[in-house]
Amino acid sequence: MSSVGLRKLVKQYGNAAPVVKGIDLEIADREFVVLVGPSGCGKSTSLRMIAGLEDISSGEILIGNRIVNDLPPRERDIAMVFQNYALYQHMTVFENLAFGLKNKKVAMSEIQSAIKHASNILGLDALLDRKPSQLSGGQQQRVALGRCIVRNPQVFLFDEPLSNLDAKLRAQMRIELKRLRERVNTTSIFVTHDQVEAMTLGDRVVVMKDGVIQQAGTPVEVYGKPANQFVASFIGSPAMNFVNARALGNNQFGTDWLALNGDRVPGAKQTLTFGIRPEHISLGQDAPGISVQGRIEMIENLGSELIATIKVGNDSIAVGRIDPLMSINPHDVVTIKIDPVKIHFFDSDTGQAQDI
Ligand SMILES: Nc1ncnc2c1ncn2[C@@H]1O[C@H](COP(=O)(O)OP(=O)(O)OP(=O)(O)O)[C@@H](O)[C@H]1O
Ligand SMILES: [Mg+2]
C-alpha cells in the first residue's frame, strides 16, 4: 500500500487548451479518494495519467516516495477497474481471476490462495466455474473487482465502475464496495460523476471542474462548507438555491422577500449571492427562521418526500423534504421558513464562498 502524490499535473492534447490544469493532490496511504465532476472535466484523464496509460504534459506523479512519470503501467503496481470491465468471455471466473497472475508467472499454489481470498471477500465462491455470460451484471462487476484484488496492488484506480449497472444494482454494488473497503484497505482513487457515490464512498471528495480542483475535503466539508458556488451546486440533491442579494439599508441585507440583519449582514459588500439548500427551508409555520410567503409552482413526488418549487418575489426556489402526506397543490399560497444561520454566501463575481 502506498500514498499517491500529484504535483502540478498538466495534460494538454496537441496545441489545444490543457484539459488538466496543474492539479496538486496528496492522497494518504489507505485513503479512499473520490474524484467527482461533470463530464469532460478531466477525471478519466487524471486517472489514466496516474495509471501510466496517458503521458503527462508536465508535473510529477508519485506513488509512495517514487516519481513514476516515466515508469510503464506494469511497473507502477496499480490495478484499475474501468466502466467497461470486459471479462474474457471464453474463460471461467476462476480463469479470469487467475489470468493476470499467470502472466506474471506466479506459482499456481499462490494464485489459488489469492483467488480464494478474493472470491471469499466478494462472494464468488459458488461462481468460480461459470463463464461471464452465466453471470448477472453485478456478479460480473464483482469478478472485475476480484481481478484487481488478486493482484494485491499498491493502489486501486476505479473509473466509473458502476455506471453500466441499473439503479438498483448500482446501489447494491455501492454497499458492496463499502464493505470491501473495510476488508481490503488499499489506497484508492474512484472516479464518478454521481455525487451519491462520491459522498458515501469517499474518505475525501475531490470536486473538479474544467481541469481544476475546486475543493478537496471530507464529504461533510464539501456539503457543509462548499468552497465556491460550483461545489455548492454540484454537491447536494436537489441542488442548492441561489438568489441575488444586496445591501438593503438599515443594516439589512437580502432580496425583496428575505431580509437578514444582525450577525448575518456582510459588512462592506453591496451584492452577494445567497445559497439556500432545499432541505434547509421548511414548509409551514412551525420551524424556526424567517417567514416568507410564496406560491407553489410545481410539486415533485419522490415517494419518501415532496419537492416543491415555490415562487417568492421574482425567484423560484426548491423546497425539499416535505412530508408526502401534506396536502399541497400548485397555486397554493404557503408560508416557508428560512433559517438565516443555514444560508451560505458567495461572491457575486467570483463565486467564492464568503465567511460571514
Ligand atoms: N485523446 C484526446 N484528444 C483530445 N482531447 C481529449 C482526448 N481525450 C480526452 N480529451 C478531452 O479531455 C477532456 C477531459 O476528458 P476526460 O475523459 O478526462 O473527462 P471526464 O471528466 O472523465 O468525463 P466523463 O465524465 O464524461 O467521463 C475532454 O474535454 C475530452 O474531450
Ligand atoms: Mg471519464
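Val33 sits in strand S3, which covers residues 32–36; strands here are DSSP E runs of at least two residues, numbered from the N terminus. This is a predicted model, where local features need pLDDT of at least 70, side-chain atom pairs count only at pLDDT 80 or more, and totals for chains, interfaces and linings use all residues. Residues are numbered from 1 along each chain as its sequence is written, while chains are lettered from A and ligands numbered from 1 in the order in which they are written.

Is Val33 buried or exposed? Val33 counts as buried because 22 C-beta neighbours fall inside 10 Å (the cut-off for buried is 20 or more other C-beta atoms within 10 Å, with C-beta atoms placed from the backbone). Leaving aside neighbours within four places in sequence, Val33 is in contact with Ile27, Ile189, Gly202, Asp203, Arg204 and Val206; contact means backbone-placed C-beta atoms within 7 Å.

Now for ligand 1. Among the residues around it are Tyr13, Val19, Lys43 and His193, and a residue belongs there if its C-beta atom, placed from the backbone, lies within 6 Å.

Then the domains, whose bounds come from an automatic or database domain assignment. The chain splits into domain 1 (4–234) and domain 2 (241–354), with C-alpha centres 38 Å apart. Across the boundary, 6 residues of domain 1 are in contact with 8 residues of domain 2.

Here are the class counts (nonpolar: Ala, Val, Leu, Ile, Met, Phe, Trp, Tyr, Cys and Pro; charged: Asp, Glu, Lys and Arg; polar: the others, Gly among them).

| Residue set | Nonpolar | Polar | Charged |
|---|---|---|---|
| Side of domain 1 that touches domain 2 | 4 residues | 2 residues | no residues |
| Shell around ligand 1 | 3 residues | 7 residues | 1 residue |

Technical notes: Helix = DSSP H or I, 4+ residues; strand = E, 2+ residues; numbered from the N terminus. Buried ≥ 20, exposed ≤ 12 C-beta atoms within 10 Å, placed from the backbone. Contact = placed C-beta atoms within 7 Å.
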